[in-house]
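Thanks for coming. Please have a look at the model on the screen, and then I will go through some places in it.

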Amino acid sequence: MSNPDHSAARKLWRTAENGKTSLIGRRCDTCGKRSFSPTIYCDACLGESFSEADLGSCGVLYTFSEVHVAPKEFTTPYVVGYVDFDPDIRVFAQLEGEAASFAPGDSVEAVVGEIRRGGDGERILGYKFRRAA
Amino acid sequence: MVDVFVHGAAQVRFGRTPERSIETMGQQAVIAALGDAGIDKADIDEVCCGNVLGGMLVGQRILRDLGMTGIAISNVENACSSGSSALREGYWAIRSGRAETVLVIGVEKMSVLGGGTLPLEVTDIEVAQGQVMPAVYAARARRYMAETGATVDDLGRVAVKARLNGSRNPYAHFQEPVSFETIMAGRMVADPLRLNMCCPTSDGAAAVVLSGRKPAYAGTPVRLAGTALKSGKYRTAPHDVTTGSLTKDTSRIAYEAAGIDPRDIGLCELHDAFAPAEIMYYEALGLCGRGEGASLLRNGDTAIDGRIPVNPGGGLLARGHALGATGVAQFAEAFDQMRRRAGARQVDRDVKVAVTHCTGGGISGVDHGACAVTVLVR
């Protein structure tokens with residue numbers, strides 16, 4: 001992936017002093033719709049002004065897969081899944097832990113870890129999820 | 001408005017063939033389709049060409065050397081649905097009255113990509129996290145299986161059927177049957193999808209001649225009775241990914257346009273890019289009810305000799321997937337089956353209504369970029 005990380009346009013996570021990682025969404029100042037995607041416009045009302053909305057750490061795993069064939073920037077196998085932040089946000093992310101340890105409906109929590117390698121082999125970090133303690 | 005009749009169709013064999021150019025494959029399909037239709041190239045009023053990876057003016061590059069220039073040529077890109085979107089353009093060119101006879105081409109050279117998974121848009125937020133197309137379907141399959149009781153064995157059965165049908169299809173990329181045991185022991189691509197549960201990326205072409213005039217061939221003419229195209233809705237909130245809602249919505253528009261009911265469907269060519277898609281799309285297309293997809297397959301209802309044969313040409317899993325060519329090849333297959341000239345893969349039943357379905361294109365938040373459905377009636 002030679003392009004700059006798209007998610008760098010807006011900070012998408014934060015790790016507190018107690019080590020808890022939470023995802024940072026946003027709320028449209030015009031219509032109030034919450035979202036996670038770093039886009040320029042609100043897809044509901046086309047507003048351009050947003051305020052930060054803390055999504056918290058914990059979500060529910062909707063479904064997942066272990067990927068064995070992927071672009072070379074990614075170290076296979078790795079597990080990916082969709083995590084739901086009730087009621088209005090779904091986040092796609094990598095999962096930490098054995099694929100066999102997950103099931104749809106599991107509670108998961110956000111952590112920071114390696115997503116992929118950059119062009120010079122450097123680790124690119126991002127939000128991931130693991131089974132909630 | 002005028003009816004749209006199918007005059008002729010042709011496929012060029014799908015496969016991994018770096019030596020064949022886009023222009024050559026396209027020209028072979030065009031000449032064969034014109035020959036099948038018995039229509040002179042001078043009678044073509046307009047051309048619609050579906051392609052994704054070939055660069056600018058693919059239709060013009062194919063047609064220039066056949067001396068088919070000076071007419072309206074539009075190039076259509078809609079990811080996996082490019083060919084079926086081109087069919088829709090051709091349909092409306094005739095229905096609107098601006099053209100009487102239209103040539104629709106689908107062509108793709110996937111071998112330019114090398115191997116591996118289809119490249120997605122790298123600026124996409126999910127792709128940056130490691131999303132790949134097989135994982136999209138694998139994750140859907142896992143949820144679908146959890147909700148309906150379908151099993152990984154059912155995914156293997158889809159692949160067995162596809163490869164058996166492909167072994168009877170001289171246009172298929174893969175022409176050897178593969179055993180259930182071999183499929184279930186295959187290399188894992190995205191759990192639970194093993195290699196033969198994922199379609200190959202192929203080179204290939206197909207072409208179709210449509211006209212507002214009645215065709216010359218004997219028997220009841222085959223009509224393109226309805227088409228529909230929809231893009232996937234952008235959904236940022238949790239939603240069900242197991243029902244194929246885009247396919248359901250698009251197909252119902254096409255069925256209504258054609259004046260048919262899902263119970264009328266006698267044959268279906270659907271977009272089995274990955275094995276679980278076939279079972280889920282049985283339900284979305286209305287061939288059976290929710291949660292009944294796996295039993296439809298196990299009963300043999302969708303086999304070549306079944307009640308509603310699905311993908312008698314081998315589907316994407318065996319014929320292969322050549323993005324822009326796929327939708328047109330599906331259509332050509334349905335036409336051949338309705339004309340009862342499909343050789344060793346000819347279905348038993350007399351097919352009055354056939355449906356072709358493409359859906360695809362991965363961008364985050366929408367279940368697919370584009371879905372297109374056509375209905376053939378005779």
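Pro192(B) sits in the loop that runs between strand S5 (188-190) and strand S6 (193-194) of chain B. Helices and strands here are DSSP runs, numbered from the N terminus: helices are H or I with at least four residues, strands are E with at least two. The bond joining Asp191(B) to Pro192(B) is a cis peptide bond, with omega about 10 degrees.

Before I go on, this is a predicted model, in which local features need pLDDT of at least 70 and side-chain atom pairs count only at pLDDT 80 or more, while totals for chains, interfaces and linings use all residues. Residues are numbered from 1 along each chain as its sequence is written, and chains are lettered from A and ligands numbered from 1 in the order in which they are written.

Chain A also has a cis peptide bond, from Thr76(A) to Pro77(A), with omega near -10 degrees. Pro77(A) is in the loop between S5 and S6 of chain A.

How many residues does the contact take from chain A and from chain B? It takes 36 residues from chain A and 29 residues from chain B, where two residues are in contact if their C-beta atoms, placed from the backbone, lie within 7 Å. On the side of chain A that touches chain B, the elements giving two or more residues are strands S5 (58-67), S6 (78-85), S7 (89-95) and S8 (107-117). S5(A) gives the most, with six residues.

Leu46(A) has a phi of about 70 degrees and lies in the loop between strand S3 (34-35) and strand S4 (50-56) of chain A. Is Leu46(A) buried or exposed? Leu46(A) counts as exposed because it has 11 C-beta neighbours inside 10 Å. The cut-offs, with C-beta atoms placed from the backbone, are 20 or more other C-beta atoms within 10 Å for buried, 12 or fewer for exposed, and partly exposed in between.

In chain B, Asn311(B) has a positive phi of about 55 degrees. Its loop is between helix H9 (293-298) and helix H10 (315-318) of chain B. Asn311(B) is buried, because 27 other C-beta atoms lie within 10 Å.

Last, Gly149(B), in the loop between helix H4 (133-148) and helix H5 (152-166) of chain B. Gly149(B) counts as exposed, with 11 C-beta neighbours inside 10 Å. From Gly149(B) to Met184(B) is 35 residues in sequence and 18 Å in space, C-alpha to C-alpha.
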